[in-house]
Amino acid sequence: RRADVARRPRRSEGRLASMIPSSSRAAHPRAWRTAIAAGLVVVLATALAACGSSSASFNPSGTCGADGKAPGAYPNLERRLPTRFEGTSPTSIDSGRHCSESALGSLITHGAAGIEFAGATWDLGSGAGVSSALFSLPDRQLPVAWIAEFYEIGARTAKRTGNITTSRPTFDGAGPAYRLDTLNDLSLQSVVTWQDGDLVRVVLVATKVDPGATRAAHDDLVSKAVAATVAVMGGP
C-alpha cells in the first residue's frame with residue numbers, strides 16, 4: 001500500500017492549502033507554505049493567500065458547488081474544536097467544504113465530494129505551530145484511513161520533504177491512530193489522525209530544527225496537542 005501511495009501523481013500545494021484553516025499572522029511564510037505541501041494544517045495566511053482564499057460564491061448551506069471556507073461557515077463543526085491550548089486561544093478558527101476534484105485530491109477516489117472541515121490553529125512563534133482539525137461527511141461515516149492517505153500523498157509528492165515515516169501509535173483517549181512525520185527544510189512536521197465516531201480528527205504540529213531543539217520536545221508537543229483535542233471529544 002505504501003508503495004502504491006508513493007507512485008500516485010503529484011498533488012498541488014493549492015489543493016491541500018484550500019482544505020485547511022488560515023491565520024492572520026505569519027512569521028515564517030515559506031516554512032508554512034512547505035507545511036501545506038506536506039498536508040499540514042499548521043499554516044498561516046500569507047502562505048494561503050495565493051491558493052486558499054474563500055470563494056465569493058461559497059454557500060455553506062447550498063448544494064455542493066464552489067469550494068470555500070470562512071470563519072463560522074460550519075459552526076456545528078467549529079464548536080467541536082479545542083478553544084484553548086497551553087492556556088492560549090487559537091490564532092484562527094474557520095471551516096469549509098470541498099466539492100471539486102482539484103480540492104479533494106485522493107479523496108475523490110472514495111466519492112467524498114462535499115467533505116466538510118474545521119480547524120483551529122495556534123501560531124507558537126519561532127517556526128512552531130499546532131492545529132487541531134476535523135473532517136466530516138454530512139450523511140455517512142468518514143473513514144480515518146481516507147484522511148491519513150490524503151496527508152501521506154501530500155507529504156510524498158511535496159517538494160523538499162524527506163525522512164518521511166509512518167506509524168500506528170495509540171494515544172490515551174484517541175485510541176489507535178495514524179502518524180506521519182517528515183522533515184521539510186528545517187521544519188519537523190507531524191500529523192496524527194484518528195477516528196472519532198463518524199468524524200476524523202487530525203492534529204498537526206511543526207517545530208523548527210535548530211541546535212537547541214530536541215525530538216523529545218517535539219514529541220511532547222504532539223502529545224499535548226492530541227490531549228487538547230481528546231479533551232473536547234464527545235461534545236455537542
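R179 sits in strand β8, strands here being DSSP runs of E with at least two residues and helices DSSP runs of H or I with at least four, both numbered from the N terminus. At 11% relative accessibility, R179 comes out as buried; the cut-offs are under 20% relative accessible area for buried, over 50% for exposed, and partly exposed in between, with a 1.4 Å probe and protein chains only. The side chain of R179 makes a polar contact of 3.0 Å with that of D181. For such a contact, two N or O atoms must lie within 3.5 Å; within protein, one must be able to donate a hydrogen and the other to accept it, and residues adjacent in sequence count only if both atoms are side-chain atoms. Setting aside neighbours within four places in sequence, R179 is in contact (heavy atoms within 4.5 Å) with T165, T166, S167, P169, F171, S190, V191, V192, R215, H218, D219 and V222.

All of this comes from a predicted model, where local features need pLDDT of at least 70 and side-chain atom pairs count only at pLDDT 80 or more, while totals for chains, interfaces and linings use all residues. Residues are numbered from 1 along each chain as its sequence is written, and side-chain values use heavy atoms, with hydrogens and water left out.

Stepping back to the whole chain, the protein has eight helices and ten strands. It runs to 236 residues, 51% of them buried. Of the contacts with a separation of 6 or more, 59% are between residues 24 or more positions apart. The exposed surface comes to about 9900 Å², with 52% of it supplied by carbon and sulfur atoms; the areas are Shrake-Rupley values with a 1.4 Å probe, and for residues only the protein chains shown count as cover.

Now for the inside. The largest nonpolar core has 25 residues, and F85, V130, F171, V192, W194, V205 and V226 have the most contacts inside it. A core in this sense is a set of buried Ala, Val, Leu, Ile, Met, Phe, Trp, Tyr and Cys residues joined through side-chain atoms within 4.5 Å. At least two residues each come from β3, β4, β9, β10 and α8, and α8 gives the most, with six. A second, separate core has 20 residues, L107, I115, F117 and V200 among them. In soluble globular proteins, nonpolar side chains tend to be buried together.

Helix α8 covers residues 215–230, and its end C-alpha atoms are 22 Å apart, in agreement with the 22 Å its 16 residues should span; the expected value is 1.5 Å times one less than the number of residues. Its buried residues are H218, L221, V222, A225, V226, A228, T229 and V230. Strands β3, β4, β6, β8, β9 and β10 are among the elements covering them.

Another arginine, R201, belongs to strand β10 and counts as buried at 0% relative accessibility. A polar atom of its side chain lies 2.9 Å from the backbone oxygen of R80. Beyond four places in sequence, R201 also touches A133, L134, V192, T193, W194, D196, T229, V232 and M233.

The whole structure holds one disulfide, meaning a pair of cysteine sulfur atoms within 2.5 Å. It joins C64 to C99, with 1.7 Å from S to S, and is left-handed at -110° about the S-S bond. C64 lies in the loop between α4 and β1 and C99 in the loop between β2 and α6, so the pair ties together parts that are 35 residues apart in sequence. C64 is partly exposed at 40% relative accessible area, whereas C99 is buried at 13%.

Lastly, some backbone angles. Most residues other than glycine have a negative phi. E86, though, has a positive phi near 55°; it is found in the loop between α5 and β2 and is exposed, with a relative accessible area of 55%. N163 also has a positive phi, near 50°. That residue is in strand β5 and is exposed at 61%.
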